[in-house]
Each structure stands twice: as C-alpha cells, then as structure tokens.
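Please read the points beside the coordinates.

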Amino acid sequence: MQSRWNDTEAQKFIEAAEAEGQPAALGLRVYTSRLIGQDPDLVLHGGGNTSVKVKDAEGQDLIHVKGSGWDLGDIEAPGLPAMHLEPLLKTREIPHMSDEDMVALLRANLLDPSAPTPSIEALLHAYMPHAFVDHTHATASLALADQSDMEPVMHEIYGNRVAFVPYVMPGYSLSHACNDALNKHPNVEGLWLAQHGLFTFAETARESYELMIEFVTLAEDYLAARGAVALPPQDNDRDAPEALTQALRDALAADGHLGDAPALDFRSTPSIRTYLARENLIELSQRGTATPDHVIRIKPFGMILDANDGAEEITRALADYATRYKAYFDRNAPNASEEKIMLDPLPRAVLVPGVGLYGLGANEKAAKIAGDLLEQTTRIVNAAEDYNRFTPISEADLFDMEYWSLEQAKLRK
C-alpha cells in the first residue's frame, strides 16, 4: 500500500479552509479523510471515521469528528461537525452511559445544533490526546484481526508501536476500553481492535495518515510471507446468469420485504469464485461479517443457491432463510436489555458457487453497497482462511450490533 499524500493537493485544502474562515488543520483533515475514504482497501461506504482537535478564536479546545451520513471518500467540512472538547473528556470518569444518553451529550456540545450527529466513536476520538486520529477497516488488517488469540502476533508485527484492544461493541464501552489501553501504553502510535479495525494517531494529518498506510502495509507483508494474500479489488469479469437473476428478482418481489422492484447487484471475480469454491463454504458463510458494522448492510449470514435453481427452489430457499433468521433472532433477543423488533428476514447476500454472488437491496444504491461489502468480505475471508481461520465476532455480539438500540428506536418511531 502506497501513501497518496501530495503537498500541492494538501495546500489546496488548506487554502480552501482558510477562505471559509476555518483552520488549516480542518482543511488537512478533510484532505486525508478523502485519501482514506477513496481507497476501498481502507474503508467502504461510510465505514471508518476521522477527527481533528483545534482551538477556537478564544483558545477553547474543539474536536471535529466525522458525522453520521457522511462518507469519508467525498467528505467536506460540514461532515466533520465541531464539538466542545472539555465536556466530552469529563465522561472518562463516568463508567457507564447508555447509547441514547451518549448521543444526547454529543449533540448538546455541538457548536452548530443543526449539524449531523457525530460518530458513535466520537468519545474514543476525544479521549486520545493526539490532534489527528484515523480509524479504518482495512482489508489486510481485518484478515488478521478476524483471528483468535492474535495479541502475540500483533506484537510480532508492530512491536510496542500498537496496543491491543479485545473486542468491545462500538460506542461508550469501546471508548473506555481504548482509553484504558492508552493509559497503559501511552507511547503507542496505534490501536489494534480485535475483530474490528485499526486506529492511528499523530500531531499532523500526514503523519497519522502515513502511519495508517505503514501499518496496513506491514499486515499485508505479514500475510504475504505466509502465503495468505488478499488480492486487490478486481473488475467483474462475468455477466449475471439471466434465468437465475430473473427468477431471484421475481421471488424477492413476491415476498415484498424489499418492495415490488428489488435491486440485484451481481459480482464475479477471481476472489469471489475462490471463496465460493471453498469446501467449507456452507459453514464459512454462516460465521458472520468481517467487521461489526457490515451486519447492518448484509445481514449476519448469506443464502446459497444453485446456478440451475428456478422459481420453486428459490422460493423454498427464501423460506428456509427466513426460518433460520427467525431462529437467530429468537436465540438472541431474550438476552437483550430491551425488547427488540425483528427486522425483515430476507438475505442481502446470495451466493452461487461456480458463478458469483448477488448483493440485494430495496434500491440500486443499497444493492451496490451490499455487493461492495460482500466482494471485500470474500477477499478478507480468503486471506484469513489461508492464514489460519476466519473468526469474526460471536453471534451474540453480531446480534447486538444488528439490533443496536439507536436503530431500534427509529423503528419504534
């Protein structure tokens, strides 16, 4: 992985920020956020987050954090809403806070009340003393993070430059877990979040960004030395099978959960076909997602079809999927701290061995997002399985992420 930092381009972002009366640091934050967001081997579709700490005209500390609904790839200054930093830091002394209370706290400290809600990981960014903080879900780092007992391996790769954080659900608890790791290891340059992703931080935008590039490259090199290469993104090289595609679309439309015109995004690449040819595909495809937030887009597991399936077989497969999804819900919902409302029981991933895969959605955008995430998943899982064993978060943790309280609150409204 190569750094794409360019001094001339960086200066343009500085000048654009200053022309709007904004600090140069915010311009550089926008610039390196875009560098990260435009690389699919670092983040995809709203994944990851970034921040920068600055002072206002009166010398008070502020923090700009990526806001909900913004994609790092084309983010602008309004997508990095500013908050007063000091009230956020006081929460380090509060051991527990609900997601709803945390979001209320973040919004209460926005400089612009109409700004987007800051990332659920905003407090994590605030607790880090560094000016610039970057968080990615890089392909190579996930191939290793999605393994069991990886702390010794992490130290083998990074020495004492990175601290290990066991899996904790994103939000308030993760912020405190990362703060604890930094208190124990104050001189590290990054955090390795098991089954989740990678953080880097520094006093300049370029240093934090190039640390991310360096650390992901080290993960790539470690995998490659052990014969576990995550192939780069590749163009789709096969057309969707017409009969199967039409039969699948008709069956989904008849179900109705994705509307009467469901969208299908077909993909077939060498990485996808390698994944689909794995002998343990049936079990492998049920293990979970490569990083926790993917479950919101592609569900906890996929559905497998045969290339020759017609309407009857597809309808039966959808019914079987719905039964399995309801069983997943029934196993986990009783353990939740609040009553949960079951989401629709339709897959977002359809796998066709020997052919390719479909991302499903209620519209073309949703289907493409699912397709992109599924394609990256195959690349991550191929490398993870070639290295040892793809081991994402547990089913219970995956359910907690899919049925996150803030998303459930939207359903209740």
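1. The largest pocket holds about 1,200 Å³ of space. Of its 40 lining residues, Ser68, Gly69, Ile296, Trp404 and Glu407 are the closest to the centre. A pocket is an open set of points on a 1 Å grid over the protein atoms alone, with protein on both sides within 12 Å along at least five of seven lines; lining residues have an atom within 4 Å of a point. Volume is the space filled by probe spheres set on the points, which are joined across faces, edges and corners.

2. The model is predicted: local features need pLDDT of at least 70 and side-chain atom pairs count only at pLDDT 80 or more, whereas totals for chains, interfaces and linings use all residues. Residues are numbered from 1 along each chain as its sequence is written, and side-chain values use heavy atoms, with hydrogens and water left out.

3. Two or more residues of the largest pocket's lining come from each of helix 4 (99–108), helix 13 (295–298), helix 15 and helix 17 (405–412). Helix 17 gives the most, with four residues. Helices (H or I, at least four residues) and strands (E, at least two) are DSSP runs numbered from the N terminus. The lining of the largest pocket comprises 15 nonpolar, 15 polar and ten charged residues. Here Ala, Val, Leu, Ile, Met, Phe, Trp, Tyr, Cys and Pro count as nonpolar, Asp, Glu, Lys and Arg as charged, and the others, Gly among them, as polar.

4. The second largest pocket has about 510 Å³ of space. Its lining has 22 residues, with Asp99, Met169, Ser337, Asp400 and Ser405 closest to the centre. Helix 16 gives the most to this lining, three residues.

5. How many cavities of 30 Å³ or more are there? The count is two, a cavity being a set of grid points where a 1.4 Å probe fits but cannot get out. The largest has a volume of about 180 Å³, and helix 15 supplies the largest share of its lining, four residues. By class, that lining has eleven nonpolar, six polar and one charged residues. The second largest cavity, of about 40 Å³, is lined by Val43, Leu44, Gly47, His137, His294 and Gln376.

6. Serine 271 belongs to helix 11 (residues 270–276). Serine 271 is buried, at 3% relative accessible area (buried means under 20%, with a 1.4 Å probe and protein chains only). Beyond residues up to four places away in sequence, Serine 271 touches Leu231, Gln234, Thr378, Arg379 and Asn382, contact meaning heavy atoms within 4.5 Å.

Definitions and conventions. Buried means under 20% relative accessible area, exposed over 50%, partly exposed in between (1.4 Å probe, protein chains only).
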